[in-house]
Amino acid sequence: MALPFPQPAAAAASVDLAPIRLVDPDGSPTAEDRYSRDLPPETLSWLYELMVVTRGLDSEFINLQRQGELALFASCRGQEAAQIGAAACLRKTDWLFPQYREIGAFLLRGITPAQMGAVWRGKWHGGLGFTERCCAPISIPIGTHGLHAVGAAMGAQRLGEDSVTLAYLGDGATSEGDAHEALNFAAVFNAPCVFFIQNNGWAISVPVSHQMAAPSIAHRAIGYGMPGIRVDGNDVLACYAVVAEAAQRARDGGGPTLIEAITYRMGPHTTSDDPTRYRSEVEVAQWAALDPIDRYRTYLQGIGVWTERLEERVEARSKRVRADLRESVVGADDFDVGEMFDTVYHDITPDLVRQRDELRAELAKEA
Amino acid sequence: MTQIIERPPMHGDDVPEPRGPILTTVPQAPTLTMAQAINRALHDAMAADDRVLVFGEDVATLGGVFRVTEGLSETFGEQRCFDTPLAESGIVGIAIGLAIRGFLPVPEIQFDGFAAPAFDQMVSHLAKYRMRTHGDVDMPVTIRIPSFGGIGAVEHHSESTESYWLHTAGLKVVVPSTPSDAYWLLRQAIVSRDPVIYLEPKRRYWTREVVDTHTPALPIGRAAVRRVGTDVTVVTYGPLVATALSAAELAEEHGWSLEVVDLRSLNPLDFDTVADSVRKTGRAVVMHEGPRTLGFGAELAARIQEELFYDLEAPVLRATGFDTPYPPARLEKVWLPGPDRLLDCVERAMGQP
């Protein structure tokens, strides 16, 4: 006799360990036919431009940090295809919930170098002006912002929108309890939320093999009752296609998806890290051969979208954005000390007014 | 119940009250328990504004383990009052996401001891979100937490958590002591554009009072003098206001006149009301349930001596719980500060030359 408990609604799903790939590392199209790689030429070149400019911006951030202009920087080198592909297929009203390494996604949303640089300069926490672009401020406590993406997706449901939210998480983040709660809440409430896990191999010095014993991060989706998909994170078109499919399913009321994008963090965790202490040159060299920008350029050359003119345009844009970063970050004024008191509450408390006055008096005495 | 003395005119007096279905069908001010007053406040807030959402563990079908959220799911539907999976961090985390999209979330943490799993969301995100977005994003989240001891509960059900939240910039903390305050502090918390931690003194859930749901009580950020006296100021809040008032009756037999200040709002703090009282009496005893070390009494004592040193006739004393974990139920009566511990402090203060 069956136990008097509700029976499962559906048989457990399975996850394909072979990642979705639309373009091979040598730049040739794969035989994959479940997803389309046929985007309009202007979209294809836009993705290329975003990736190249992101890498240039990333380099400039590192330069500025080395020159002492920035306190710290977390490079996204090697992950451009993953983070740009995921955001590029969404509407600009779909909320993004980033970690701190997604400068490609920020650039895509029109967040300026000065606005994202504010964090690393130590000018302001979180970034400036992000929410105007439907992008949450950066989130440094690992894995905690997935819940915000779920809450915002539940809000979209209640507003009657067909928008989706996208949470960027990493391999390390999936070990956090909040990531579990986010995935579970999303599944229970059928929230229109896409979890995009950039599995870049390393959580600072700890490899993925030390984060979990599951066959893959995507396999965890089975336990939550949502689709789990592995994708080649160094293939921008595959990331675009897989997230687009998941987003459409969410818009249509099909609920959340867990996507594991397999990529590699080419640089250190941050400018304060020394990755030679925990990973081999051989491994880094293997991944360098899988570079997402080189692969995509070769692909574009093959289909005739890449031109000298495109390259010139992209290089010129990259140069301008790098100069913009340098000028806007190095030249910028700090905020007035009053800002740190005035932004704590909507209506400042009497005690904070008093403390603000105390500090002003202290500074006046020193001056 | 003791009435608030001399209610002054205040911001919001001239604003007409939004009318929900219950308000229009109950012509006279009803007598409500504190639990019912909180339920009424949630109902009226949800009727007044579609953006108000109530969620947490067991709040919908069951109506909450204390029945505080009873009827809300039936009246407003499961989109607006819903049960969540059993995960406190998740409950606060989705509240933040909902607030980003313009909702006014009122999540419940079922018991004080279970706020701990939500600590990171409350401290690292909820409290800081406005500042981290340079003031761009409101966080109008009201977290209701049935709190404090005195009900003979099993462990993790009797904690005082206020010091954690008070030490966290960006949160407001309110603690009602009467049904009327429970109603109005919650209504005001829900429309506040900042996060408010609303601590419900569960051992006072069943106290009754006529609650005027049309005339707003004092706003958040204002203390109330619950009893006028001349010798010693007792500063307290939440469940211990009634304790202080009964102690004040006993004190009269000794010829001591106690003034009882109910803080109501711990942040923002109405220190002016405390200061006015202490200037008059020259003596202050601070009382709260939680452990003494770095309890809110420590802050109040420091503040009183910093600002009122030359008005004081005696050191500021603290009648509090002890620096132990909250004890088993059979021992809580002797652990909790009651009239005796308060009056011992009063005696010491009065014994000063």
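Strands and helices are DSSP runs numbered from the N terminus, with at least two residues (E) for a strand and at least four (H or I) for a helix; two strands are taken to pair if DSSP finds at least two bridges between them. Within this pairing, A:Phe195 has A:Leu258 of strand 7 as its bridge partner. Strand 6 (residues 228-232) of chain A also runs parallel to strand 7, with 5 bridges, and here A:Val231 is partnered by A:Ala261.

A residue counts as buried with 20 or more other C-beta atoms within 10 Å of its own, as exposed with 12 or fewer, and as partly exposed in between, the C-beta atoms being placed from the backbone. In a regular strand, side chains alternate between the two faces of the sheet. On strand 7 of chain A, A:Thr257, A:Ile259 and A:Ala261 point one way, while A:Leu258, A:Glu260 and A:Ile262 point the other way, and all are buried. Strand 6, helix 8 (residues 236-251) and strand 7 of chain A form a right-handed β-α-β unit; the term right-handed applies to a crossover whose path from the first strand over the helix to the second runs clockwise, with the strands pointing away from the viewer.

Residues are numbered from 1 along each chain as its sequence is written, and chains are lettered from A and ligands numbered from 1 in the order in which they are written. The model is predicted, and local features need pLDDT of at least 70, side-chain atom pairs count only at pLDDT 80 or more, and totals for chains, interfaces and linings use all residues.

In chain B, helix 10 (residues 271-281) packs against helix 11 (residues 296-308) at an angle of about 65 degrees, with the axes 11 Å apart. Axes are lines fitted to C-alpha atoms, for helices over the stretch in contact, and angles between N-to-C directions run from 0 to 180 degrees. The contact involves B:Phe271, B:Ala275, B:Val278 and B:Arg279 of helix 10 and B:Arg303, B:Ile304, B:Glu307 and B:Leu308 of helix 11 of chain B, where contact requires C-beta atoms, placed from the backbone, within 7 Å. By class, this contact has 5 nonpolar, no polar and 3 charged residues. Ala, Val, Leu, Ile, Met, Phe, Trp, Tyr, Cys and Pro count as nonpolar, Asp, Glu, Lys and Arg as charged, and the others, Gly among them, as polar.

Several loops have backbone features of note. B:Asn267 and B:Pro268 are joined by a cis peptide bond with omega of about 5 degrees, and B:Pro268 sits in the loop between strand 12 (265-267) and helix 10 of chain B. A:Ile204, not a glycine, has a positive phi of about 50 degrees. This residue is placed in the loop between strand 4 (202-203) and strand 5 (206-207) of chain A, and A:Ile204 counts as exposed because it has 12 C-beta neighbours inside 10 Å. B:Leu294 likewise has a positive phi, near 60 degrees, and belongs to the loop between strand 13 (284-291) and helix 11 of chain B.

Technical notes: Contact = placed C-beta atoms within 7 Å.
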